[in-house]
Amino acid sequence: MNKFIKFFFTLLLFSEVLFAVSNRYYQEKFDTTKKLYLGAVMSNNKNKEIEYLKKLVSYGDKLKQNTIKYKRELNRLDHTTSVSKPINTQFKLKPKINYNIKSIKQTQNTIVLEFNKNIDKSFLKFSEEKRKNRYFDYFDFKGNFKDAKPLKLRIDGIDKITVVQYKKNKLRISLRDKNNPKTIYIFNRNKIIIKVLDSDIKKSKVAVKTKNKVKILTNEILYPTGKVVVIDAGHGGKDPGAVGSRKAYEKNIVLNIAKYLRKELKDKGFKVYLTRNKDKYIKLSKRTKLANRKNADMFISIHTNAARKSRAKKAYGVESYFLSPARSARAKRVAALENKGDMGSMGYSSKNSLLTILNQGKITASNKMAIDIQKNMLYNLRNRYGKKAIRDGGVREGPFWVLVGAQMPSVLVEVGYISHPTEGKRINTKTYQKLVAHGIANGIESYFIKN
């Protein structure tokens, strides 16, 4: 028994000596590594800093010392580094959030997002949804806004607007209403502008207090009030244009659309003139002369398309054209149909010369305008008839002589094929004609807001 007690105390003494030696060893290592770490910091050697921090954490844990400050520094330098013991989450550094959206402001029926740098179209994804008799427009932005949660937006005519930091780098603005919201969005350097069309706010006024009086501000900046538009209803009188089933004449259909469009644009604050307001033949040169005489900001000519009998059942859809030498067989074919009007003694070479000397700025502006008109026509018609029923014929260049004399941006629209069995019947209805007019009006408005 005495031998056993003697052995036990000997073993205990040995373990204490061993522990003291071990502690001394790790303490020496810890102190040496600490000096090496400080040297790495002074020489700004990040790799060595990480190496020595790992050792300091390891030695410190063995010595049961507080190594939190080393763990935090290691976490800052190398997020992928794992140490012998997991770092307490309460000491983790929170990642810095880059709030790249500086502000979100609302003016009447417009929402403006300002970013801290110039942006492109990849910063916004737009989608629509219908759920339980409610329509939703979703605008998903690539970015963060620190005041998203408390922000409240309200536009007359829209049931609810919500702003949510949907994901870490995705801000969502959603519009909900019992009717399908009619919205457009515009990119302008470091801003994205969302505008709700046809809102009741259109005619409202805002009172702004100044030092001496209250000034009434209207929405002239948002709505291009006073812009002059000349609408040309194609053909007329002795020139019926294309003819559909049951003697549906192009000249009558496009005149109806022109009158609907005039009303739409007047309601938006435009000054509007028609090249003809009845079934009358007018020379092509006189149509653009009217636009020039009125100092129009825009000239738009409205037509219906047609295809030969062999293709009548296959050809359908809406198209928009701007003046330029035709680059496709399709554009040349459509131009040939519309150029049958009176062109006087102008020969082929004279016509080409006119196209060659056209102002490039006018062509560029006409192209932009055609894109906005085409987009809005499609949107309106597809909402009523479905995407498959309304084909997008695209925006094209074409040598349409009715546009040659116009000194302002000008577009020719083909609102559908009168020769198609189904579309031809639709074109001859008030519903279709009003939808087309509404889409063109929104496209024109969108163009002037952007430009």
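Here is a quick briefing on the chain shown above. This is a predicted model, where local features need pLDDT of at least 70, side-chain atom pairs count only at pLDDT 80 or more, and totals for chains, interfaces and linings use all residues. Residues are numbered from 1 along each chain as its sequence is written, and side-chain values use heavy atoms, with hydrogens and water left out.

**The chain overall**

- The chain has ten helices and 16 strands; these are DSSP runs numbered from the N terminus, with helices being H or I of at least four residues and strands being E of at least two.
- Of the 451 residues in the chain, 45% are buried, where buried means under 20% relative accessible area, exposed means over 50%, and partly exposed is in between (1.4 Å probe, protein chains only).
- Take the contacts between residues at least 6 apart in sequence: 71% of them join residues at least 24 apart. Contact here means heavy atoms within 4.5 Å.
- The chain's accessible surface comes to about 26100 Å², and 52% of that belongs to carbon and sulfur atoms. Such areas come from the Shrake-Rupley method with a 1.4 Å probe, and for residues only the protein chains shown count as cover.

**Strand 11 and its partners**

- Strand 11 (228-233) is mostly covered, with six of its six residues buried.
- In a regular strand, side chains alternate between the two faces of the sheet.
- Here V228, V230 and D232 point one way from strand 11, while V229, I231 and A233 point the other way, and all are buried.
- Strand 11 pairs with strand 12 in the parallel sense over four bridges; strands count as paired if DSSP finds at least two bridges between them.
- V228 has K271 as its bridge partner in strand 12.
- To get from strand 11 to strand 12, the chain goes through helix 4 (residues 250-267), and this β-α-β crossover is right-handed. That label applies if, with the strands pointing away from the viewer, the path from the first strand over the helix to the second runs clockwise.
- Strand 11 also pairs with strand 13 in the parallel sense, over five bridges, and I231 has I300 as its bridge partner there.

**Helix 5**

- Helix 5 covers residues 284-293, and its buried residues are L284, R287, T288, L290, A291 and N292.
- Those buried residues pack against strand 11, strand 12 (271-274) and strand 13 (298-305).
- Just after helix 5, N295 takes a positive phi of about 55°.

- Four strands make an open sheet in the order 3-4-6-5, with antiparallel pairing.
- At the edges sit strand 3 (124-131) and strand 5 (160-167), each pairing on one side only.
- Strand 4 (residues 134-142) and strand 6 (residues 170-177) pair in the antiparallel sense over eight bridges, and Y135 stands opposite D177 in strand 6.

- N376 belongs to helix 8 (residues 360-385), and G443 to helix 10 (residues 430-450).
- N376 counts as buried because its relative accessibility is 8%; G443 is buried too, with a relative accessible area of 0%.
- Not counting residues up to four places away in sequence, N376 touches I184, G439, N442, G443 and S446.
- Leaving aside neighbours within four places in sequence, G443 is in contact with D372, I373 and N376.
- G443 and K375 are 68 residues apart in sequence, yet 7.2 Å apart in space, C-alpha to C-alpha.
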